[in-house]
Amino acid sequence: VGKEVFAKQIHAQSSRSAQAFVAVNCAAIPEHLIEAELFGYVGGAFTGASKQGAIGRIREADGGTLFLDEIGDMPLGLQTRLLRVLQERSVVPVGSGVAQAVDFRLICASHQNLREKVKQAAFREDLFYRINGLQLQLPALRQRRDFVELCQRILSEFSTDTDIMLAPEVLRAMQTYTWPGNVRQLRHCLRTATA
């Protein structure tokens with residue numbers, strides 16, 4: 001759908017655009033590592049930890065924007081810690097007792113219905129209301145009105161020296177396809193076609 005692209009544009013138009021944009025896919029990080037990844041850790045905090053420690057993704061976003069993609073996949077225990085960070089505006093790295101102040105804007109995204117997850121007790125209600133200031137629903141690729149223009153723009157990226165056009169019957173077939181992989185799938189399809 002382009003959630004991260006959309007989030008980057010929000011960041012680029014904000015008063016924090018000169019600061020970091022830090023994207024974290026909550027579904028892609030193993031559950032046993034996500035706490036250290038987000039909050040950072042002090043050297044030697046756990047087996048396999050770097051001796052220098054790590055500041056964590058939240059502190060990397062200090063002054064800028066933190067984008068938590070697939071927040072609906074965040075483990076419940078970690079949701080509690082995130083809620084505390086949002087309330088206190090500080091983060092305590094794993095293995096430390098010292099809070100570090102942070103100031104960031106938060107953008108979250110999910111392909112799941114978080115209200116339903118709250119009803120199922122799979123997502124914290126207090127966190128839901130903390131992050132749900134403005135809710136936008138991005139249309140799936142098959143629902144976009146600018147599909148033809150998007151295809152043309154992607155094609156122009158892949159063929160800078162030649163204008164490549166899709167045959168009308170190919171374009172019609174592509175417009176009726178469901179695109180379960182959304183924009184990534186479309187990009188791969190068009191890249192293969194240009195090759």
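In the predicted model, K119 and E116 form a salt bridge, with the closest N and O atoms 3.5 Å apart; a salt bridge is here a side-chain nitrogen of Lys or Arg within 4 Å of a carboxyl oxygen of Asp or Glu. Both residues belong to helix α5, where they are three residues apart, about one turn of the helix. K119 is exposed, at 67% relative accessible area, whereas E116 is partly exposed, at 34%.

Residues are numbered from 1 along each chain as its sequence is written, and side-chain values use heavy atoms, with hydrogens and water left out.

A search of the whole structure gives 12 salt bridges. One of them pairs E4 with K8, at 3.7 Å between the closest N and O atoms. E4 and K8 are separated by about one helical turn because they stand four residues apart in helix α1 (residues 3-12). Both side chains belong to partly exposed residues, with relative accessible areas of 30% for E4 and 41% for K8. A further salt bridge brings together the side chains of R16 and D103, at 3.0 Å from N to O. This pair links distant parts of the chain, 87 residues apart: R16 lies in the loop between α1 and β1, and D103 in the loop between β4 (100-101) and β5 (105-109). R16 counts as buried at 13% relative accessibility, whereas D103 is partly exposed at 38%.

The chain contains nine helices and five strands, arranged along the sequence as α-β-α-α-β-α-β-β-β-α-α-α-α-α. Helices (H or I, at least four residues) and strands (E, at least two) are DSSP runs numbered from the N terminus. Along the principal axes, the C-alpha atoms fill a box of roughly 65 × 40 × 35 Å. Of the 195 residues, 33% count as buried. Among contacts (heavy atoms within 4.5 Å) with a separation of 6 or more, 65% involve residues 24 or more positions apart.

The largest nonpolar core comprises 27 residues, and L38, I58 and L68 have the most contacts inside it. A nonpolar core is a set of buried Ala, Val, Leu, Ile, Met, Phe, Trp, Tyr and Cys residues joined through side-chain atoms within 4.5 Å. Two or more residues of this core are given by each of β1 (21-25), α2 (31-39), β2 (65-69), α4 (76-88), α5 (114-119) and α6 (125-131). Helix α4 provides the largest share, five residues. Another core, of 13 residues, lies apart from this one and includes L155, W179, V183 and L190. When neighbours within four places in sequence are left aside, L38 is in contact with V24, G56, R57, I58, L68, M74 and L78.

Terms used. This is a predicted model: local features need pLDDT of at least 70, side-chain atom pairs count only at pLDDT 80 or more; totals for chains, interfaces and linings use all residues. Buried means under 20% relative accessible area, exposed over 50%, partly exposed in between (1.4 Å probe, protein chains only).
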